[in-house]
Amino acid sequence: FNEKRRPYIILKWAQTANAFLDDNGKACAISTPFTKMLVHKLRAENDAILVGRVTDEREHPQLDVRHWAGKSPRRIVIDRNRPAFEGLDFSKPVIPQLLEWLHQEKCQSLIVEGGARTLRSFIEADAWDEIRVETACATVGGGTRAPQLPDCARLHTQQTFDGNTIRIYRK
């Protein structure tokens, strides 16, 4: 927060075994009850959580900690039509402006939960510190491709719960 003048950024997504985020554009259950609880624990440990406009419109995610005790993170949806983002110039790269705004808001940690375009924009901007990917055993016939890990991502830990594998990558 002080060194980089931005929050610590965790990119997080769940994907099928064949690397899709959904089933042909429709949300599908990838996480298990236990891994959902772990996500809610992670949320309780962070200041804010962010999704893009499309994810918000399609899935209406609650982005809270209902399966864990603790305070829900601040909910942020990137949408040029929301009052919180009136100061952002969407004709310029949005991620640096967003990170400066979060720093001014004293947000020390941020989870980015998607969608694919939002996750990719953070990867392309090299605006991440940690990436958490949950991979299920199931496959789907098609859908939205999961983001590709950046070349500098190094596996830090890997655990399997109920058949799903959670990998944490760092730079």
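Reader: Which residue forms a salt bridge with R6, and how many Å apart are the closest N and O atoms?

Author: Happy to walk you through it! This is a predicted model, in which local features need pLDDT of at least 70, side-chain atom pairs count only at pLDDT 80 or more, and totals for chains, interfaces and linings use all residues. Residues are numbered from 1 along each chain as its sequence is written, and side-chain values use heavy atoms, with hydrogens and water left out.

The partner of R6 is D129, with 2.7 Å between the closest N and O atoms. A salt bridge here is a side-chain nitrogen of Lys or Arg within 4 Å of a carboxyl oxygen of Asp or Glu. R6 sits in the segment before β1 (8-15) and D129 in the loop between α4 (116-124) and β5, so this pair ties together parts 123 residues apart in sequence. Helices (H or I, at least four residues) and strands (E, at least two) are DSSP runs, numbered from the N terminus. R6 counts as buried at 9% relative accessibility, and D129 does too, at 12%. Buried means under 20% relative accessible area, exposed over 50%, and partly exposed in between (1.4 Å probe, protein chains only). K4 joins in as well: K4, R6 and D129 are linked in a network of salt bridges.

Now step along to E130, which lies in strand β5 (residues 130-135). E130 is buried, at 3% relative accessibility. Leaving aside neighbours within four places in sequence, E130 is in contact (heavy atoms within 4.5 Å) with residues including Y8, I10 and R170.
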